[in-house]
Amino acid sequence: SLQDVVTALHLSRVAMRRIRINFVWAFIYNVVGIPLAAGVLYPGLHIQFPPMFAGAAMALSSVSVVCSSLLLRLYQPPKP
């Protein structure tokens with residue numbers, strides 16, 4: 001029916017919005033994380049992060065994307 005088409009289009013917009021949100025968070029994560037991993041704090045503050053922090057940060061990044069995507073399970077179709 002036509003209502004199913006409307007629901008499919010609405011769901012695709014919601015999914016694309018969630019993809020964009022995940023992309024923005026991944027971009028921010030990389031903008032902050034890559035310089036920290038490269039040692040940008042070491043010359044001034046003598047702070048250096050061990051490699052295990054990078055592994056934990058990667059795991060947390062993946063978990064946050066999965067949790068964000070799971071919010072699509074709460075999708076409610078538009079009212080006719």
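**View A. Contribution of α1 to the lining of the largest pocket.** In this predicted model, α1 supplies seven residues to the lining of the largest pocket, the most of any element. Helices are DSSP runs of H or I with at least four residues, numbered from the N terminus. Residues are numbered from 1 along each chain as its sequence is written, and side-chain values use heavy atoms, without hydrogens or water. Local features need pLDDT of at least 70 and side-chain atom pairs pLDDT 80 or more, whereas totals for chains, interfaces and linings use all residues.

**View B. The largest pocket.** The largest pocket holds about 270 Å³ of space. A pocket is an open set of points on a 1 Å grid over the protein atoms alone, where a 1.4 Å probe fits, with protein on both sides within 12 Å along at least five of seven lines; lining residues have an atom within 4 Å of a point. The volume is the space filled by probe spheres set on the points, which are joined across faces, edges and corners. Among the 14 lining residues, Y29, G33, A37, A54 and A57 are the closest to the centre. Two or more lining residues come from each of α1 (2–38) and α3 (51–70).

**View C. Packing of α1 against α3.** The two helices, α1 and α3, pack at about 165°, with axes 10 Å apart; axes are lines fitted to C-alpha atoms over the stretch in contact, and angles run from 0 to 180 degrees between N-to-C directions. α1 is therefore roughly antiparallel to α3 (angles over 145 degrees).

Note on methods: Parallel < 35°, antiparallel > 145°, perpendicular 65-115°, else oblique.
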